[in-house]
Structures are given as C-alpha cells and as structure tokens.
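Here is a short report for a first look at this structure. Start with the view below, then read on.

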Amino acid sequence: AVAKVNAYNLSLEARERIDVLIVGRGGGSAEDLWAFNDEALARAIRTSEIPVISAVGHEIDWTICDWVADLRAATPSAAAELVAQREDEIVRAFEARDEQLQRIMYLKMLETTTTTNQAINALKDGFADRVIEVKDRFEELAARISPSRLSAKSAAIAGRLEILEQRRIAAIAKLKKSKDESLNLLMAMLDAMSPLAVLTRGYSITQTEDGAVLRDPAKVKPGDKLNIRLERGKLDAEVLAS
C-alpha cells in the first residue's frame with residue numbers, strides 16, 4: 001500500500017501531491033501489531049518519497065515501523081493532530097499575514113510620500129534659485145541701460161519669468177500625479193494580496209468538525225458537521241448529500 005500510494009503520488013500535479021502519509025492502527029495484542037514488524041513494510045517506508053509518520057498501537061507499543069519512519073506518533077490520534085492545523089492557527093496565520101501586509105503598505109506609502117515631498121522641494125528650490133539669478137542679472141542690466149530699453153527688457157524678462165513659473169507648476173503637478181498613480185497601484189496590489197481579502201469577495205473556509213480544511217466533498221458523508229468561516233462570523237452546518 002505504501003508503494004502504491006507513492007506511485008500514485010508521482011502521477012499527480014505538484015500542487016496536488018500528498019504532503020504526509022500516516023501508517024498505523026489502534027491498539028491491540030502483540031499478534032495484532034506484528035504486521036508492522038515486517039521487513040518489506042520497513043523497506044517501503046524507508047524508501048517512501050512521501051514523509052511517513054508511524055502511529056501503531058498505544059504509546060507503550062513499539063514496532064520496526066516506528067524506527068524507520070520519518071516521525072513516530074504515540075497514537076493514530078496524535079498523528080492526526082500533528083498534521084491537521086486547527087482553525088485558530090489558520091486564522092492567526094491569516095491575521096499575521098494581513099498585519100504584515102499592512103505594515104509593508106504603510107512603509108511604502110511613507111517612503112513614496114517622503115520621495116514625492118523631496119522631489120517637490122527640490123523643484124521649488126531649483127526654480128527659486130533660477131528666479132533669483134535672473135532677478136540679479138535684471139537689476140545689473142537695468143543699471144546700465146536707458147529707460148526705454150529697460151522697459152523693453154523688463155517686459156521680456158517678466159514674460160520669461162511667467163513661462164518659468166508655468167513650467168514649474170506644470171512639472172510639480174506632473175510629478176505629483178505620477179507619484180499618486182504609483183502609490184494607488186501599490187496599494188491596490190497589496191490589498192489584492194491580503195489573504196483575508198478572499199473572504200470579502202464572497203469566498204469562505206469550510207472545515208470539518210475536527211478543524212481540518214475541507215477541499216474535497218468525498219472526504220465527508222451525510223450527517224457530518226461542518227464549520228464555515230465567512231467574512232463576518234461563522235456558520236455551523238451539516239452535510240445533507242455529497
């Protein structure tokens with residue numbers, strides 16, 4: 001059976017392959033558990049590509065399978081607890097990831113805001129220095145030219161200053177628009193990556209009564225109890241048909 005499961009596992013897509021294999025049974029007499037001392041079974045477990053947990057009998061029982069498996073569990077129930085995450089652990093993992101994404105988004109927003117402000121200030125300072133330079137040159141020339149030429153030069157320089165001011169305003173507006181678009185795109189991407197955002201789009205997490213996440217309707221039968229987690233709250237449900 002171990003060899004057949006491994007062969008079947010190789011035929012599956014990588015994302016569908018089995019994560020872990022439990023080999024075991026409940027308690028019994030030495031004769032009942034003797035099948036787990038079989039050499040062929042021990043070799044099959046040792047060569048298994050799938051990690052194997054041995055869970056044979058009770059805590060005091062030991063077989064060859066326990067020594068060759070990747071991990072020994074005291075009982076089959078203990079093995080199940082090792083591989084099945086509980087609901088609160090899944091929720092905590094989602095919440096931790098959501099908090100991490102929020103921190104990343106906040107830092108990115110802070111970084112983008114700082115960069116934008118620095119760029120705007122640099123533009124302002126650069127244009128201010130240029131205006132001061134033109135003004136100084138204007139005053140120097142004004143002292144050396146006649147009133148008529150001064151008037152003409154003054155009008156020309158005033159027009160140039162007006163153009164520079166318009167360019168400054170346009171450059172600042174363009175830069176701010178570009179940074180705002182980048183920031184909005186980043187925020188949208190981070191929001192889409194949030195694990196909890198899936199629940200806000202109408203999806204839910206369905207778990208069996210023991211806390212295992214249900215991915216296949218064949219894993220339950222009519223009458224089984226289910227827990228359904230929604231965006232807001234939970235539902236207790238019962239399988240009517242599968």
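V83 has a relative accessible area of 41%, so it counts as partly exposed. That class lies between buried, under 20% relative accessible area, and exposed, over 50%, with a 1.4 Å probe and protein chains only. V83 sits in helix 5, residues 76-83. Helices are DSSP runs of H or I with at least four residues, strands are runs of E with at least two, and both are numbered from the N terminus.

## How to read the model

This is a predicted model: local features need pLDDT of at least 70, side-chain atom pairs count only at pLDDT 80 or more, and totals for chains, interfaces and linings use all residues. Residues are numbered from 1 along each chain as its sequence is written, and side-chain values use heavy atoms, leaving out hydrogens and water.

Helix 3 spans residues 39-46, and its buried residues include L41, A42 and I45. Seen down the helix axis, the buried residues fall within an arc of 100 degrees, so they line one face of helix 3. The arc is taken from the directions from the helix axis to the C-beta atoms. On the other side, E39, A40, R43 and R46 are exposed.

What do the buried residues of helix 3 pack against? Their partners are helix 1 (2-10), strand 1 (21-25), strand 2 (52-56) and helix 4 (64-68). Contact here means heavy atoms within 4.5 Å. D38 caps the N-terminal end of helix 3, with a side-chain oxygen 3.0 Å from the backbone nitrogen of A40.

## Helix 1: a buried face

V2, N6 and N9 are the buried residues of helix 1. They fall within an arc of 60 degrees seen down the axis, so they line one face of helix 1. A3, K4 and Y8 are exposed on the other side. The buried residues pack against strand 1 and helix 3.

S48 lies in the loop between helix 3 and strand 2. Its relative accessibility is 13%, so S48 is buried. Beyond residues up to four places away in sequence, S48 touches V2 and N6. The S48 side chain reaches the backbone oxygen of I50 at 2.8 Å. From S48 to S182 is 134 residues in sequence and 50 Å in space, C-alpha to C-alpha.

R168 belongs to helix 7, residues 147-193. R168 counts as buried because its relative accessibility is 19%. Leaving aside neighbours within four places in sequence, R168 is in contact with K124 and F127.

Methods. Polar contact = N/O pair within 3.5 Å; in protein donor to acceptor, adjacent residues only side chain to side chain.
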